[in-house]
Structures are given as C-alpha cells and as structure tokens.
Amino acid sequence: MQPTPSRTPAPDAPPFRIRRARRGDAESLASLLREMGYAHGSDAQTVHWVISHPEIEIFVAADTQDRPVGMVSLSHRPQLRLRGRIATVDELVVSEGWRRRGVGKALMQQVLERCGARALSVKRLEVSAYALQELQSFYTSCGFVQVDNMVMRHAELERQHGQ
C-alpha cells in the first residue's frame, strides 16, 4: 500500500498524510482512544498485537512531524453466508484540534480503497456508531446507510473483563 498524499481540503488546514500504524504509535493511539471516551485507551502490548494481526489494519493520519492526529481500525474476515469477506470499522477518531479538516474523510477513503477489488474484495463494510446525529451524518456522507440499530453483547463476559 502506498501512503496517501497530503490532503488539504481548506487553505488554512494543515497538511497530513495517511499511513499504516506502527509500533511506535502506541501512546498516540492510546491518547486517541481516550478522546473517544475509553478511559484506559490501550497499551503498547495490545497495539503491537493488533498491528501484527493479519485480519486487522490500523491507518493513522499523521501531521507534518509524523505524529498521529487520527486513526481508523479495520477488521476483516471471511464469512460463510456472504461467501466472501466482511469488514468492520472498529474505531475511527480524529483528535479534537484536527476535526472538520478532512482527516476523518481521508481515513474513510483509505478504508474504502483497502476494501476494494484491488485489495481485500470486501463484500460488506459495516460500522457501529453512537446515535449522535453528527456521527450519523458523517457516516452517511461517506456512503453508509443505517440498516439496524440492535447491538447485543454478552453481559457476563464483559463483567469478567471489567468492560
């Protein structure tokens, strides 16, 4: 995958580029996850594990000093009923100071390119988003449509792991 060139949607917006996450990004990724509301963020060991996993990819938007200012994680796997690959945007976050500057759109464009026929040939791309109108509007502008609002989790497993 070639790095995405700098994108500058507005004349006053600082340039950034999209690249794959690296092991050295662990603290920046943890900070971005905290901005999403996950108080503990992540730890270096988990970041290293996820980065090296064959069915998960993390892309970051990096500023001119190569510091991550946004990230998107994409998981993909084969699925029987689709007779092909399904992908999920697990996390998408842009640092507050970089929001509304095209960073989120650029990250989603990278995901769409990765899911395309030249790469993963994904048959379905899903995202679970909070019910905030701003997020719904963002994902709609990226081509997503709301198909369901039911998410269920196994309560006992979450309690066991302090979630």
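Is R124 buried, partly exposed or exposed? R124 is partly exposed, because its relative accessible area is 32% and the class covers values between buried (under 20%) and exposed (over 50%), computed with a 1.4 Å probe on protein chains only.

## Basis of the description

This is a predicted model, in which local features need pLDDT of at least 70 and side-chain atom pairs count only at pLDDT 80 or more, while totals for chains, interfaces and linings use all residues. Residues are numbered from 1 along each chain as its sequence is written, and side-chain values use heavy atoms, with hydrogens and water left out.

## Overall fold

The protein has five helices and five strands. Helices (H or I, at least four residues) and strands (E, at least two) are DSSP runs numbered from the N terminus. Along the sequence they follow the pattern β-α-α-β-β-β-α-β-α-α.

Of the 163 residues, 33% count as buried. Among contacts (heavy atoms within 4.5 Å) with a separation of 6 or more, 56% come from residues 24 or more positions apart.

The five strands form an open sheet of mixed pairing, in the order 1-2-3-4-5; two strands pair if DSSP finds at least two bridges between them. Strand 1 (17–20) and strand 5 are the edge strands, each with a single partner, so one side of each has no neighbour in the sheet. On average, neighbouring strands are turned by 25 degrees against each other, direction ignored. In a regular strand, side chains alternate between the two faces of the sheet.

Strand 1 and strand 2 are antiparallel and share four bridges, with R20 partnered by F59 of strand 2. Strand 2 is mostly covered, with six of its seven residues buried. Strand 2 is also antiparallel to strand 3, through seven bridges, and A61 stands opposite G70 in strand 3. The hairpin of strand 2 and strand 3 has five residues between the strands, and D66 in this hairpin takes a positive phi near 70 degrees. Strand 3 (residues 68–79) and strand 4 (residues 84–94) are joined by 10 bridges, again in the antiparallel sense. M71 stands opposite V93 in strand 4.

## Surroundings of R124

R124 lies in strand 5 (residues 122–127). Leaving aside residues up to four places away in sequence, R124 touches R81, L82, R85, I86 and A87. One of these, I86, is 38 residues from R124 in sequence, yet the C-alpha to C-alpha distance is 4.9 Å.

Helix 3 lies across strand 1, strand 2 (56–62), strand 3, strand 4 and strand 5, and runs at about 165 degrees to strand 4. Axes are lines fitted to C-alpha atoms, for helices over the stretch in contact, and angles run from 0 to 180 degrees between N-to-C directions.

Helix 3 (residues 103–115) also packs with helix 4 (residues 133–141), at an angle of about 45 degrees and with the axes 11 Å apart. The two helices are therefore oblique to each other, a class left after roughly parallel (under 35 degrees), roughly antiparallel (over 145) and roughly perpendicular (65 to 115). At this contact G104, K105 and M108 in helix 3 meet F138, Y139 and S141 in helix 4. By class, three of the residues are nonpolar, two polar and one charged, where Ala, Val, Leu, Ile, Met, Phe, Trp, Tyr, Cys and Pro count as nonpolar, Asp, Glu, Lys and Arg as charged, and the others, Gly among them, as polar.
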